[in-house]
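Here is a short briefing on one protein model. Keep the sequence and the 3D view open as you read.

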Amino acid sequence: MTGTELIAKFNLQVDDSSELSDAETLELLNDVYQEVQDDRDWEWLRVTQTGTTSTTVPYIALPSDFKKLAVNKDNLSVIFVGTDYQEYTVVAYQQRREHIDQDGFCYIDIPNQRLYFTKQPTSALAVEYDYIKIATAILAATEPLFRDGFHKILAFGAGAKFNSIELSDKATSYRSENIAAYNDILSSLRLEDAQIKLSL
């Protein structure tokens, strides 16, 4: 469903009583979309990034949509370097000084959006890693990243939040129905994600 279709679905969920503009409704839908993204490390948010080490600086820039590293080998997050895929261990930022000038280690500097190597690379080598991305906001003509059959979760979630925005009467609103539908769909989305992970 596109953003426009989700707005229409939302209006049905609140019985067309919304006084929100389409832009405000889309913002509410994106709030719910962000909440769904933050629920777990979804497979539909996993992407692979490639790059090249520098011989002049000990880091490479992280993608602009970077949220966190994803598990990609033996239940760990590993950075692969070179054509032979040498595994670099990712250490916590606060442990970076323990590995100064040691090859095979790296860390993430979130404020500066960089992947640092604890030892300055001496040649330009290929780098590859998996990460969980932050999806771009849904616009009128765009769709959420997850499977179409689950898109309506955003309308139900927005419908559940609508009553507190509009201060509508809880006794006559559809808030509880929207919350129940949201939770049911979220459970199904979680189950599908777990099944995808187990089949890998």
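## The largest pocket

The lining of the largest pocket has five nonpolar, six polar and three charged residues. Here Ala, Val, Leu, Ile, Met, Phe, Trp, Tyr, Cys and Pro count as nonpolar, Asp, Glu, Lys and Arg as charged, and the others, Gly among them, as polar. This is a predicted model: local features need pLDDT of at least 70, side-chain atom pairs count only at pLDDT 80 or more, and totals for chains, interfaces and linings use all residues. Residues are numbered from 1 along each chain as its sequence is written, and side-chain values use heavy atoms, with hydrogens and water left out.

- In total, 14 residues line the largest pocket. Those that lie nearest its centre are Tyr 88, Asp 103, Pro 121, Thr 122 and Leu 125.
- The space in this pocket is about 190 Å³. A volume is the space filled by probe spheres set on grid points, which are joined across faces, edges and corners.
- The search uses a 1 Å grid over the protein atoms alone and a 1.4 Å probe. A pocket is an open set of points with protein on both sides within 12 Å along at least five of seven lines. Lining residues have an atom within 4 Å of a point.

## Aromatic rings

- The structure holds twelve aromatic pairs. Rings of Phe, Tyr and Trp (its six-membered ring) pair if their centres lie within 6.5 Å; planes under 30 degrees apart count as stacked, over 60 as edge-to-face and the rest as tilted.
- Tyr 59 and Tyr 116 form a tilted pair, 5.1 Å centre to centre with 55° between the planes. Tyr 59 lies in strand β2 (residues 59-61) and Tyr 116 in strand β7 (residues 114-117), so the pair ties together parts that are 57 residues apart in sequence. Strands (E, at least two residues) and helices (H or I, at least four) are DSSP runs, numbered from the N terminus.
- Tyr 59 is partly exposed, at 23% relative accessibility, whereas Tyr 116 is buried, at 15%. Buried means under 20% relative accessible area, exposed over 50%, and partly exposed in between (1.4 Å probe, protein chains only).
- Tyr 88 and Phe 117 make an edge-to-face pair, because their ring planes are at 90°, with the centres 5.7 Å apart. Tyr 88 is in strand β5 (residues 86-90) and Phe 117 in strand β7, 29 residues apart. Both residues are buried.
- Ring pairs also link Tyr 33, Trp 42, Trp 44 and Phe 146 into a cluster.

## Charges over rings

- The charged end of Arg 40 sits over the ring of Trp 42, 5.4 Å from its centre. The test is NZ of Lys or CZ of Arg within 6 Å of the ring centre and within 35 degrees of the ring normal.
- Arg 96 lies over the face of Tyr 93, at 3.8 Å from the ring centre.

- Helix α4 (residues 175-199) has 25 residues. Its first and last C-alpha atoms are 36 Å apart, close to the 36 Å expected at 1.5 Å a residue. The expected span is 1.5 Å times one less than the number of residues.
- The buried residues of α4 include Ala 181, Tyr 182, Ile 185, Leu 186 and Leu 189. An α-helix has 3.6 residues a turn, so residues three or four places apart point the same way.
- Helix α2 has 16 residues and should span 22 Å, which agrees with the 22 Å between its end C-alpha atoms. Among its buried residues are Leu 26, Leu 29, Tyr 33 and Val 36.

## Positive phi

- Most residues other than glycine have a negative phi.
- Asp 74 has a positive phi, near 50°. Asp 74 is in the loop between β3 (66-69) and β4 (78-81) and is exposed, at 62% relative accessibility.
- Gln 113 has a positive phi of about 55°. Its place is the loop between β6 (105-109) and β7, and Gln 113 is partly exposed, at 25%.

## Contacts across the sequence

- Leu 20 and Phe 162 are 142 residues apart along the chain, with their C-alpha atoms separated by 9.3 Å. Leu 20 is in the loop between α1 (3-13) and α2 (22-37).
- Val 127, in strand β8 (residues 126-133), is buried at 3%. Its C-alpha is 8.2 Å from that of Tyr 85, 42 residues apart along the chain.
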